[in-house]
Amino acid sequence: MSARTLPLLFLNLGGEMLYILDQRLRAQSIPGEKARKDEWTDVDRKRVMNDIITTMFNKKFMEELFKPQELYSKKALRTVYDRLAHASIMRLNQASMDKLYDLMTMAFKYQVLLCPRPKDILLVTFNHLDAIKDFIYDSPGIMNQVDETFRQLIDTYSCLSAGEFQFIRQTLLVFFQDMHIRVSIFLKDKVQNSNGRFVLPISGPVPWGTEVPGLIRIFNQKGDEVKRTEFTTDGNYVTPQREGSFDLYGDRVLKLGTNMYSVSRPVETHMSGSSKNLASHAKEDITPNPLAKEELNFLARLLGGLEVKKPGGSETGFRLNLFTTDEEEEHAALTRPEELSYKVINIEATQ
């Protein structure tokens, strides 16, 4: 397992979380002059986005995140996102938080699967950070925090070999391998099957630095080419015109990791049969986890860097529903397998 995977996993999932929250907040916002005290306005949306991004890119938190370390369990990472999602006046019920996390993880899993080269995972991360900067374009202080993380990414990952990036990609795929949540956008676009597994294309641009398949070259012992044989392929492959930019600013070329919710579309998640079976067997494994203590230490360090602001004064926080109606949210909470509903772990993480 690669010890350099955690920052990429956290930042990409965090970017997907911000895409979803922004889309839902915009959908539920009411013009300021017409809004009641308990209704969202665009000012509230901006405040929520700014608070979460400020917390997400907190300097101490990023210092802990970028330390070489192995990934821990999904529940441990989920606890960090629970804390992060509630870093402002927004409040999510358990069912909505479950749905948010499902959408985040399945979107990034799809992006990892589709990356032409393992190194392109870094371009996916840069796409997320570019979009996050668009959310806070009028907040230079927060922009500087994001740019500092950008520089950390460049310093940490620009010198890694192709083999090390392959190791990172494999670590991510192991993390996602048992997650098969069906998402309506993916189902409608026919990139996901009814069992929650993704359909990978056999056409399109080949990875940068490689050639379109269809030619076999044969060399002699001296290294001279002596024969060529052509063959036909089932896919329609093209050569990419240029490589995406790995600089602080630039054209990433790759579109994976950009905001797929920029056009308003209803998004639902459904448990696939295989995921339900995994849930039904979850209680059978009662073997003590040897990493439990390390996980708690890991969480304590990360959460200790998250400076979460609680609503002050008369503010009680606004509730955000990721479902179409309150009834749908209540039904989801009742039908969600108990084993897949994560509880927030409160850890004393004072310095």
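At 40% relative accessibility, Asp 251 falls into the partly exposed class, where buried means under 20% relative accessible area, exposed over 50%, and partly exposed in between (1.4 Å probe, protein chains only). Its salt-bridge partner is Arg 242, with 2.5 Å from N to O. Arg 242 is partly exposed as well, at 42% relative accessibility.

Before going on, a word on what you're looking at. This is a predicted model, so local features need pLDDT of at least 70 and side-chain atom pairs count only at pLDDT 80 or more, while totals for chains, interfaces and linings use all residues. Residues are numbered from 1 along each chain as its sequence is written, and side-chain values use heavy atoms, with hydrogens and water left out.

**Salt bridges**

Side chains of opposite charge can pair when their charged atoms come close. The cut-off here is a side-chain nitrogen of Lys or Arg within 4 Å of a carboxyl oxygen of Asp or Glu. How many salt bridges does that rule give? The count is 16.

| Pair | N to O distance |
|---|---|
| Asp 51 and Arg 47 | 3.8 Å |
| Arg 78 and Asp 98 | 3.1 Å |
| Asp 251 and Arg 242 | 2.5 Å |

Asp 51 and Arg 47 sit 4 residues apart in helix α2 (residues 42-56), so about one helical turn separates them. Helices here are DSSP runs of H or I with at least four residues, strands are runs of E with at least two, and both are numbered from the N terminus. With a relative accessibility of 17%, Asp 51 is buried, whereas Arg 47 is partly exposed at 33%.

Arg 78 and Asp 98 form a salt bridge with their closest N and O atoms 3.1 Å apart. This one ties together distant parts of the chain, 20 residues apart: Arg 78 belongs to helix α4 (residues 74-85) and Asp 98 to helix α5 (residues 94-114). Is this pair buried or exposed? Both residues are buried.

**Helix packing**

Helix α1 (residues 6-28) packs against helix α6 (residues 120-135) at about 40°, with 9 Å between the axes. Those axes are lines fitted to C-alpha atoms over the stretch in contact, and angles run from 0 to 180 degrees between N-to-C directions. As for handedness, the α1 and α6 crossing is left-handed, meaning the near helix is turned anticlockwise from the far one by less than a right angle.

Most residues other than glycine have a negative phi. Lys 190 isn't a glycine, yet its phi is positive, at about 60°. You'll find Lys 190 in the loop between α9 (184-188) and β3 (204-205), and its relative accessible area of 69% makes it exposed. Val 253 also has a positive phi, near 65°. Its loop runs between β6 (237-238) and β7 (269-270), and at 31% relative accessibility Val 253 is partly exposed.

**A nonpolar patch**

Which residues make the nonpolar surface patch of about 340 Å²? They are Ile 216, Ile 218, Val 226 and Phe 231. Patch residues have over 30% relative accessible area and no salt bridge, with nonpolar side chains (Val, Leu, Ile, Met, Phe, Trp, Tyr) joined within 5 Å and like charges within 9 Å. Areas come from the Shrake-Rupley method with a 1.4 Å probe. Val 226 is part of strand β5 (residues 225-230), and its 54% relative accessibility makes it exposed.
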